[in-house]
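Work through the exercises below with the sequence and the model side by side, trying each task before reading its solution.

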Amino acid sequence: MTRHDSDRSKPVLVTGGTGKTGRRLAERLTNAGVPVRIGSRGAAIPFDWENPSTWDAALDGVEAAYVAYYPDLAVPGAAETVEAFSRLAVKMGVTRLVLLSGRGEVGAERAEELFRRSGAEWTILRADWFFQNFSEAFFLDAIRAGELALPVGDVREPFVDADDIADVAFAALTEKGHERKLYTLTGPRLMSFPEMVHEIGAACGRDIRFTRIPVGAFVEGARNEGLDEPLVDLMRELFTEVLDGRNESVADGVEQALGRPPVDFSDYVRRTVATGVWNTAPAADTI
Ligand SMILES: NC(=O)c1ccc[n+]([C@@H]2O[C@H](COP(=O)([O-])OP(=O)(O)OC[C@H]3O[C@@H](n4cnc5c(N)ncnc54)[C@H](OP(=O)(O)O)[C@@H]3O)[C@@H](O)[C@H]2O)c1
């Protein structure tokens, strides 16, 4: 059964529902009159990936779910956690599951494999890095401070807009035709970090630099900022292995799913400059 011919009074569980893609998806579902249950630690019904005893209540009465694991499908144990969660979801009557996955990550591909066996109608969104990392996540403070320093060179990556991911997730949860599909979601353009930082700086009218630093210095900086060891390991893997050029090609997942091209980085930059987020002092609590 698809959502099309099912009971619209049942909620869709949106895990990470206050995060970069989940928040946008929850807005789209709410605007379309679909009841939403946010799945996060701070939600009305608290949901914690690290505490399976919270999963039953979050899944109770739910028909479909968006699965956005935190912090990343590349961390040890993530694939097994997503597998256990999706199997429980199916046991509790969930018929549609949409997984947010990461492109170029070995751990994420293992999670996809296990996820496909859950027994639900599945869709996988294998996404490239999000534009919104520059405005809603770990690059934001550096952009505000005027220098982004990373252990990457001129490798080019087709970053994607979280709004495009939310549009695809919304379609997959509310329309027929996305069952058993894996969409590789990228933006329309390969760009290097120096190019992206330069474009943001030019649009803000500020001098924002990109500096390449050794991996050791990056890791030490992450530790000094208080990141615990599993997150330090994740950062090392993301910036050394995933950004080794393996994703240096655009894919047509957005076009396949939505019948329109993906949003370009320049559009995102224009929209974001208008919010003023890049001109204020560094925040202490970015995700
Ligand atoms: N960022 C990227 O560029 C990128 C690219 C490709 C794929 N991905 C994938 O996207 C997923 C989400 O990553 P993101 O970076 O965009 O983060 P995000 O969704 O912005 O993360 C924040 C959300 O996760 C929730 N959360 C945090 N810890 C949680 C926990 N222990 N249990 C339940 N919910 C928790 C937060 O709510 P509470 O604080 O209330 O719990 C919030 O809703 C990951 O699986 C990652 O692999 C990310």
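The model is predicted, so local features need pLDDT of at least 70 and side-chain atom pairs count only at pLDDT 80 or more, while totals for chains, interfaces and linings use all residues. Residues are numbered from 1 along each chain as its sequence is written, and side-chain values use heavy atoms, with hydrogens and water left out.

**Exercise 1.** Check the span of helix α3 (residues 78-91) against its number of residues.

Solution. Helices are DSSP runs of H or I with at least four residues, and strands are runs of E with at least two, numbered from the N terminus. The expected span is 1.5 Å times one less than the number of residues. For the 14 residues of α3 this gives 20 Å, and the end C-alpha atoms are 20 Å apart, which agrees.

**Exercise 2.** Classify the ring pair of Phe47 and Phe85, and state whether each residue is buried or exposed.

Solution. Rings of Phe, Tyr and Trp (its six-membered ring) pair if their centres lie within 6.5 Å; planes under 30 degrees apart count as stacked, over 60 as edge-to-face and the rest as tilted. By this rule there are 24 aromatic pairs. The centres of Phe47 and Phe85 lie 5.5 Å apart with planes at 70 degrees, so this pair is edge-to-face. It joins the loop between β2 (36-39) and α2, which holds Phe47, to helix α3, which holds Phe85, 38 residues apart. Buried means under 20% relative accessible area, exposed over 50%, and partly exposed in between (1.4 Å probe, protein chains only). Phe47, at 2%, is therefore buried, and Phe85, at 0%, is buried.
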